[in-house]
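Hi,

Here is the structure I promised to pass on.

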Amino acid sequence: QRAGRTGRVREGSVYRLYPRKAFNDYFRKFEEGEILRSPLDSVILNLRTIVADESITEILRGCIEPPDTVNIENSFNSLFNRKFTTAANDNFEITSLGDLVVALGIDLTIGALVGFGARLGSLRETIEVAAILSFPKSPWLLPNALLQEPEVYNGENYFF
């Protein structure tokens, strides 16, 4: 059974492949919340679309594991500098570029690329580039044993 369910749902045993001392001395009891591990930019944009008239900072401070205020401020600055918001503080509105990125539901940087491509009249090409940049592996790998080892491009995650 999974360690989190053992003894809680029904009787069971957990077998770990490391010493008990390592578990007690080096492992955290619980994993740090994702809100503390990931950038807040997309969280803030999505929150603003849900609650237009409330303070995003106060909402984030009310979380079980609230992010550091400095991280919140850095995200406000980042969103403003990338033209997703009208201000670098809690009193912002989402710009048309920000609306597009939220509607697409993709990585903010790739969404900005698509948005700027649309403004410049090269939407089709920009979408192609965005799709290539979204691949987990490099698009520049060629299935040629003279250029790379076969294991590089024969992996199960290779899409070509």
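Helix α5 (residues 69–81) has the highest mean pLDDT among the elements of the protein, at 94, while helix α9 (residues 150–154) has the lowest, at 63. In case you want the scale, pLDDT is the predictor's confidence in each residue, from 0 to 100. Over the protein the average is 83, and 80% of the residues score at least 70.

Some housekeeping. This is a predicted model, so local features need pLDDT of at least 70 and side-chain atom pairs count only at pLDDT 80 or more, whereas totals for chains, interfaces and linings use all residues. Residues are numbered from 1 along each chain as its sequence is written, and side-chain values use heavy atoms, with hydrogens and water left out.

On to the fold. The protein has 9 helices and 0 strands, which reads along the sequence as α-α-α-α-α-α-α-α-α. Helices (H or I, at least four residues) and strands (E, at least two) are DSSP runs, numbered from the N terminus. Of the 160 residues, 26% are buried. For that word and its relatives, buried means under 20% relative accessible area, exposed over 50%, and partly exposed in between (1.4 Å probe, protein chains only).

In one of them, Tyr-18 and Phe-27 are stacked, because their ring centres are 4.7 Å apart and their planes lie at 20°. Phe-27 also pairs with Phe-23, this time tilted, with 5.9 Å from centre to centre and 35° between the planes. The cut-offs: rings of Phe, Tyr and Trp (its six-membered ring) pair if their centres lie within 6.5 Å, and planes under 30 degrees apart count as stacked, over 60 as edge-to-face and the rest as tilted. Tyr-18, Phe-23 and Phe-27 make up one aromatic cluster. How accessible are its members? Tyr-18 is partly exposed at 33% relative accessibility, as are Phe-27 at 42% and Phe-23 at 29%.

Tyr-18 and Phe-27 turn up again in a nonpolar surface patch of about 540 Å², together with Leu-17 and Tyr-26. Leu-17 is in the segment before α1 (20–26) and counts as exposed, with 86% relative accessibility. Patches are made of residues with over 30% relative accessible area and no salt bridge, where like charges are joined within 9 Å and nonpolar side chains (Val, Leu, Ile, Met, Phe, Trp, Tyr) within 5 Å. The accessible areas come from the Shrake-Rupley method with a 1.4 Å probe, and for residues only the protein chains shown count as cover.

Next, the charges. A search of the whole structure gives 4 salt bridges, each being a side-chain nitrogen of Lys or Arg within 4 Å of a carboxyl oxygen of Asp or Glu.

- Asp-25 and Lys-21 have their closest N and O atoms 2.5 Å apart. They are 4 residues apart in helix α1, so about one helical turn separates them. Asp-25 is partly exposed, at 42%, whereas Lys-21 is exposed, at 60%.
- Arg-82 and Asp-41 come to 2.8 Å between the closest N and O atoms. This pair links distant parts of the chain, 41 residues apart: Arg-82 is in the loop between α5 and α6 (96–104), and Asp-41 is in helix α3 (residues 41–50). Asp-41 is buried, with a relative accessible area of 9%, while Arg-82 is partly exposed, with 26%.
- Glu-58 and Arg-61 meet at 3.1 Å, N to O. Both belong to helix α4 (residues 56–61), 3 residues apart, or about one turn of the helix. Glu-58 is partly exposed at 47%, and so is Arg-61 at 41%.

One more charge is worth a click. Which ring does the charged end of Arg-48 sit over? It is that of Phe-92, with 4.4 Å to the ring centre. The criterion is NZ of Lys or CZ of Arg within 6 Å of the ring centre and within 35 degrees of the ring normal.

Last item: Gly-111, in helix α7 (residues 108–119). Gly-111 is buried, at 0% relative accessibility.

Cheers
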